[in-house]
Amino acid sequence: MHPDLPRAGEQTLELRSCALTVLQECDPLAKAAAARALLAQRDGLELDTEATLQPAGPLPGRPARPALLPALRVPQRSMASPEGRAALLHAIAHIEFNAINLALDALWRFPGLPESYYRDWLQVAGEEALHFTLLREHLVSLGHDYGDFPAHDGLWIMTERTAHDPIARMALVPRTLEARGLDATPPLQRKFAGAGDARAVEILGIILRDEIGHVAIGNHWYRWLCERDGLDPVALYPELAARYEAPRPRPPFNLAARAAAGFSAEELAYLGE
């Protein structure tokens, strides 16, 4: 258990403050364990939806390794070798580690939203922590560990760009960047199956199942915020994507998973334009 989370008999702590504490944790294993503990203890935590919080240091807390490179400089390795398979697993684990940070940041940063918003993002944080844990354990079974390969920081960059605007955050992180995982996961499963790695295929199936729910949460709160502010969510999306330089989704698209995550027929048609 993370040292700053409550134990039985101790004073009740506040959920968003705890989320910020976990976000600032640098050790990846401790962060994942604390996020899962926070979810497990959710019924025993208070929730102050109105508090304006301030981090005590730079965000997010991150380990010294992996080395972070520009995305185009991260080496590409062939799946034909065990090293290449481990490198791909590492890249996916890095995405899931960042996804813990993204969910925790959405939880603590934006005050004044309904209680269910914060409960939703706590659920996401705990599930992303499980994904990272499963991938890291499998990576260790292959003779490697998280941090052994370089990675990039693309997910967190968009988090920083949208730090002042929850509508942009919901539009461009869960329902743009994380939605790309819905498209990428089935081809990744085929790659690992071809390499004979049944455990990686199984873990990716768990991730795909949960990520549909995570993107659905992003869709729900994007639309809720747009309705609150009298905005058209479909018309606003391309404006936000252009303003914040979000990457354009690239095919092939997992249209069934995207529909299950709550994208409308109009939004799915936009992908093909």
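## Ground rules

Helices (H or I, at least four residues) and strands (E, at least two) are taken as DSSP runs and numbered from the N terminus. The model is predicted, so to speak of local features pLDDT must be at least 70, side-chain atom pairs count only at pLDDT 80 or more, and totals for chains, interfaces and linings use all residues. Residues are numbered from 1 along each chain as its sequence is written, and side-chain values use heavy atoms, with hydrogens and water left out.

## Gly-218 in helix 8

Gly-218 belongs to helix 8 (residues 198-228). With a relative accessible area of 0%, Gly-218 is buried (under 20%; exposed is over 50%, partly exposed in between, with a 1.4 Å probe and protein chains only).

Who are its neighbours? Setting aside those within four places in sequence, Gly-218 is in contact with Trp-121, Met-170, Pro-174 and Arg-175, where contact means heavy atoms within 4.5 Å. Leu-172 is 46 residues from Gly-218 in sequence, with a C-alpha to C-alpha distance of 9.1 Å.

Helix 4 (residues 115-141) has 27 residues, which should span 39 Å at 1.5 Å a residue; the end C-alpha atoms are 40 Å apart, which agrees. The expected span is 1.5 Å times one less than the number of residues. Just after helix 4, Gly-143 has a positive phi of about 90°.

The axes of helix 3 (residues 82-109) and helix 4 come within 8 Å and cross at roughly 160°. Axes here are lines fitted to C-alpha atoms, for helices over the stretch in contact, and angles run from 0 to 180 degrees between N-to-C directions. Helix 3 and helix 4 are therefore roughly antiparallel (over 145 degrees; under 35 is roughly parallel, 65 to 115 roughly perpendicular and the rest oblique). The residues of this contact divide into 21 nonpolar, three polar and two charged (Ala, Val, Leu, Ile, Met, Phe, Trp, Tyr, Cys and Pro count as nonpolar, Asp, Glu, Lys and Arg as charged, and the others, Gly among them, as polar).

Ile-95, Asn-98, Asn-101, Leu-102 and Asp-105 of helix 3 meet Leu-155, Trp-156 and Thr-159 of helix 5.

Arg-85 lies in helix 3 and is buried, at 18% relative accessible area. Beyond four places in sequence, Arg-85 touches residues including Phe-192 and Asp-197.
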